[in-house]
Structure formats: structure tokens, C-alpha cells
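Here is a short briefing on one protein model. Keep the sequence and the 3D view at hand.

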Amino acid sequence: MRYLSMPEAVEAVSSGQVIVYPTETFFGVGGLALREDSVLRVYQAKKRSPAEPLPVIIGHEDQLPLLAAQVPEAMIDLLRALWPGPLTVIFSAGAGVPAALLAGGDKVAVRLTSHPAARELCLHCGPLTASSANIAGQPPTVRAAGISAELLSACAGVLDAAPSPRGGQPSTLIEMVEPGVLRVVRPGAVSPAVLRQLGWDILDRSKED
């Protein structure tokens, strides 16, 4: 396993390579989200189906317009309340987002990470893919030592910076159905109760068409 300093990690990612880095939940696999060859390397490293879109992290809210076609006015207070943190939000993708990242769709899933090293990496390099650092179908890990040799063989190295990922639940994945109404696509660290406290209704999946 090759451990990277922050400058080495920035250099590797900026050149289009893929690295492993810590997030607030688990270790992630990072490549430049706006560079198609980097995105494809992440799919290859994880042996992930190209039909599954990749989530993205950003280091500052100013990077969101690089990915999202627009940010609904109704969501601004929600984002201010829960970002940075383990909340991933689905937006309509902007014109500059690589098709490979979207897996043939037109939506992009983004979160503003709260991990200081991940944020610094994004601020230096731009938005990063944020899929967990594991071969598809295997569990994620909170320890660098738990990353599979198979995955590492496809990466430039590991940025193992403090604090360690805390594990637990992954980020909550949501999508706005209409102003005031959210769909929870994947339950996670931000509970429906927290979303309701912020004034949102949660769509009952049993009532969806």
C-alpha cells in the first residue's frame, strides 16, 4: 500500500489518477468527477456496473454549480442547515457533467463533505467521485488496512488523513419531489425526523406510483 501526502494526492488526482481518501463515513475512491477518463477509472477499479451512477463530493458550496443545472430555491435553507455533512442530494445535472458519471441518466448526486482532508482535496482538485473504497458487492471500510489489495492495485495510493472515518450509516440520499416534499432514496445518517424538523414532508414510498 502506498500512502500519499496531501500534495502527492492532489498531484495524482489532478493528473487523472484515482486514489483512496477518507470521508466522514467511510473511505472513498476519488477521481475527478468532471473528467470522463477519471470517472471510467473509478468504475474499473471498483468493478462497478456502468449502469450505476457515481455520487460526488464537493469541498465548498461554490462548487455545486459545476455539477447541478440549478439549485431549487426551496432547498437552500435545507442545504445550509445540513451541509457540510452526510446528506447527499440529487440534482438535475449540468451540461458539463460527464455522461459516464450519470450512467445514462440526467441526475447527479452531490454532498458537501465535512471531512477536512476530503474538503481540502476537493478545493485543490475540484469535485470528486465519492463511491466507497471497495470492490462492488463488498462492504465499505473505515480503516486503510481494510482496503482490498485488488482495489489498491488500480489506485495511485491512499490518503490516510485524520480524522478516521466514523463508519455507521452512509450518507442519506434524498431528492426533492416538489417544494416541501422529499423522497428518501437511501436511508442513512440524517434521519427522516431531522428532515421533518426542518419543515419537509417525506414521501411515503408505499403511495408512489
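Apart from neighbours within four places in sequence, Thr113 is in contact (heavy atoms within 4.5 Å) with Glu24, Ile57, Ile58, Pro84, Gly85, Ala118 and Arg119. The model is predicted: local features need pLDDT of at least 70, side-chain atom pairs count only at pLDDT 80 or more, and totals for chains, interfaces and linings use all residues. Residues are numbered from 1 along each chain as its sequence is written, and side-chain values use heavy atoms, without hydrogens and water.

**Thr113**
- Thr113 sits in the loop between strand E5 (107-112) and helix H5 (116-125); helices (H or I, at least four residues) and strands (E, at least two) are DSSP runs, numbered from the N terminus.
- Thr113 is buried, at 0% relative accessible area; buried means under 20% (1.4 Å probe, protein chains only).
- A polar atom of the Thr113 side chain lies 3.1 Å from the backbone nitrogen of His115.

**Strand E1**
- Strand E1 (residues 19-22) is covered on both faces. Ile19 and Tyr21 are buried on one side, Val20 and Pro22 on the other.
- E1 runs antiparallel to strand E2 (residues 27-30), joined by 4 bridges; strands pair if DSSP finds at least two bridges between them.
- A hairpin of 4 residues links E1 to E2.
- Pro22 has Phe27 as its bridge partner in E2.

Key:
Buried means under 20% relative accessible area, exposed over 50%, partly exposed in between (1.4 Å probe, protein chains only). A polar contact is a pair of N or O atoms within 3.5 Å; within protein, one must be able to donate a hydrogen and the other to accept it, and residues adjacent in sequence count only if both atoms are side-chain atoms.
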